[in-house]
Structures are given as C-alpha cells and as structure tokens.
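Good morning. Please have the structure on your screens.

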Amino acid sequence: MQFVEANGARIPAIGLGTWELRGRICSRVVEQAIRLGYRHIDTAQVYENERDVGEGIHAARIRRDEMFVTTKVWTTHFAPHNLERSVKESLTRLRMTEVDLLLLHWPNPQVPLEETLGALAHAKQMGLTRHIGLSNFTVALIEQAVAACPEPLVCDQVEYHPYLDQTKVQGACRQNGLATVAYSPIAQGNVRGDETLSDIGKAHGKSAAQVCLRWLVQQGAVAIPRTSKVERLSENIDVFDFMLSETEMSRISHLAHPKGRLTDYGFAPKWD
Ligand code: 1BO
C-alpha cells in the first residue's frame with residue numbers, strides 16, 4: 001500500500017468508500033476489504049452506516065492502530081455544541097474512541113466557518129480525532145478555511161475522476177499541504193466501458209477501473225472507490241504494480257468535460 005502524507009497525516013492511497021452501503025452488505029464488504037488488505041475506510045454521519053462500518057471493522061479483528069477511519073460531520077451539526085455531540089455519537093456507532101480523520105462534509109454558509117472550524121479543531125484537541133479536514137470545499141473556501149483553522153487541515157475530499165477537471169482544487173490543496181481525496185473515483189462505474197481507459201489498460205494487463213485509479217494515485221491523490229461487490233475489492237486495490245506514462249496520464253486527463261460532475265445539490269457551493 002502506498003501512503004499520501006499531508007500536514008502530519010499518513011493516509012493510505014486507496015480506501016473503501018461506503019456511500020450508499022448499508023446494513024449487512026456494508027458490514028460484510030468492510031470486513032472483506034480489510035481481509036484483502038484495505039486499511040482505510042471512509043464513512044459519514046449522513047450515510048447512516050457508521051454502525052455497520054464499525055461492525056465490519058470489529059468483525060475483521062484488526063488492530064485499531066492499523067486502520068485509518070474517516071467520518072464526516074453533516075452540515076446540520078456545524079454549530080459548535082452540536083458538532084462535538086454529533087462526533088461523540090459517531091464514535092459510539094463506530095465503536096471507537098477516536099477516528100483518524102474528521103471532515104466537514106459540505107460547506108454550510110448558514111454557520112460562520114470560523115465557528116465550525118474552531119469546534120472541529122477542538123474535537124481534535126479533545127482526542128476525538130487524530131486529524132481534521134474538509135470535503136466539497138472550493139478553492140476560495142479552502143483558502144478561507146486554512147487561514148481560519150487553529151489546527152492544520154489535511155485534506156479536501158471532492159468528487160474526482162477523469163471526466164471532471166479538478167486542477168484548480170488540486171492546486172489549492174497542494175499549495176496548502178492538503179491531500180486531495182477523490183470520491184466517486186471511477187465515476188460511479190462509468191469508466192468501466194471507457195474506450196481510452198480500456199485501451200491503455202490492455203498495454204498493462206489492467207482493467208479500465210484500475211487504470212483510472214492508477215491515474216489518481218500517480219498524481220498523489222487518495223482514492224476511495226465504493227463497491228458492494230466483494231470481487232471488485234481486489235481489483236480496486238491492485239493498482240500499485242504498474243506505471244502510466246506521461247502520454248497515458250495526459251490522454252486520461254483529456255477525458256474531462258464540462259458536464260462531468262455527477263454529484264450536485266442545491267446546497268452545493270459555486271464550483272470552480
Ligand atoms: C452527500 C454525499 C456526498 C459524498 O460524500
């Protein structure tokens with residue numbers, strides 16, 4: 001496993017995303033992923049699966065300090081007293097005393113960012129999390145957050161795959177020492193039929209999805225592909241034994257198009 005270092009954090013470059021996984025399927029996939037070598041699991045309060053994720057980790061009988069577990073605070077819990085309470089509830093559901101990384105899930109302009117960041121930093125100081133970070137923050141919001149946060153931020157987790165250009169966000173992350181963590185890194189499965197990726201994959205004996213994940217980690221990003229299929233778990237983590245050439249990297253980057261974003265909501269910020 002490769003790691004991405006960011007402002008004191010050491011994040012496994014491939015993790016398991018669990019968005020939309022729930023119940024026994026979720027626990028089973030998490031347990032199986034750990035047995036196959038995953039050491040990074042990503043969840044969130046709003047996914048309503050923290051209990052299932054905790055169950056899967058517990059069932060895998062892995063030492064807690066070998067795992068990197070991320071959860072995210074939902075926007076309705078951004079007022080300082082709510083944030084602390086909600087994180088403690090997350091920890092109870094996860095059966096943990098601390099997470100490795102705690103993120104603000106989406107920007108929420110209704111609560112002053114400074115107040116929420118103060119509470120996030122306080123959660124770290126209280127030992128509820130080892131590291132803190134952001135998700136779905138734009139360049140301007142990253143700059144604002146970095147300037148206002150009393151503790152170092154270690155990442156911005158954003159939708160990122162070959163069809164969505166994230167050069168600007170990635171630039172802001174690099175400049176501030178943050179890792180870019182890619183959710184929906186295989187474009188919710190859409191890359192599987194991609195001709196360019198399949199073509200590149202043939203030269204390396206890899207699938208389109210593996211080429212896509214390799215393209216992300218080779219840029220220094222962290223990727224958290226989600227799957228409910230146990231057989232896909234091994235495929236998604238098997239991306240560390242080949243290198244894409246500069247030409248291949250650039251061919252993949254050219255797949256981006258203005259309509260590439262898959263996850264958007266009325267409450268989303270104005271994207272870069
Ligand atoms: C609303 C969930 C987006 C990805 O975490």
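First, the terms for spaces. On a 1 Å grid over the protein atoms alone, a pocket is an open set of points with protein on both sides within 12 Å along at least five of seven lines, while a cavity is a set where a 1.4 Å probe fits but cannot get out. Lining residues have an atom within 4 Å of a point. Grid points are joined across faces, edges and corners, and a volume is the space filled by probe spheres set on the points.

Two remarks on the source. This is a predicted model, in which local features need pLDDT of at least 70 and side-chain atom pairs count only at pLDDT 80 or more, while totals for chains, interfaces and linings use all residues. Residues are numbered from 1 along each chain as its sequence is written, and side-chain values use heavy atoms, with hydrogens and water left out.

The largest pocket has a volume of about 300 Å³. It is lined by 21 residues, and those closest to its centre are I186, Q188, P225, R226 and T227. By class, that lining holds seven nonpolar, eight polar and six charged residues. Here Ala, Val, Leu, Ile, Met, Phe, Trp, Tyr, Cys and Pro count as nonpolar, Asp, Glu, Lys and Arg as charged, and the others, Gly among them, as polar.

The second largest pocket comes to about 190 Å³. Of its 15 lining residues, Y160, T167, Q170, Q219 and S253 are closest to the centre. Two elements give two or more residues to this lining, α6 (167–175) and α10 (246–253). Helices (H or I, at least four residues) and strands (E, at least two) are DSSP runs, numbered from the N terminus. Which element gives the most to this lining? That is α6, with four residues. The lining divides into six nonpolar, seven polar and two charged residues.

At least two lining residues come from each of β4 (40–42), β5 (68–73) and β6 (99–104). Five of the lining residues are nonpolar, three polar and one charged.

Is H40 buried or exposed? H40 counts as buried because its relative accessibility is 2%, buried being under 20%, exposed over 50% and partly exposed in between (1.4 Å probe, protein chains only). A polar atom of the H40 side chain lies 3.0 Å from the backbone oxygen of P12.

R39 is in the loop between α1 (23–35) and β4. At 24% relative accessibility, R39 counts as partly exposed.

Last, the ligand. Around the ligand are W19, Y47, H105, W106, Y183 and Y265, a residue being near if one of its heavy atoms lies within 4 Å. The protein covers 95% of the 220 Å² of accessible area that the ligand has on its own, by the Shrake-Rupley method with a 1.4 Å probe. This shell has five nonpolar residues, one polar and no charged. A polar side-chain atom of Y47 lies 2.5 Å from a ligand oxygen, and one of H105 lies 2.8 Å from a ligand oxygen.

Technical notes. A polar contact is a pair of N or O atoms within 3.5 Å; within protein, one must be able to donate a hydrogen and the other to accept it, and residues adjacent in sequence count only if both atoms are side-chain atoms.
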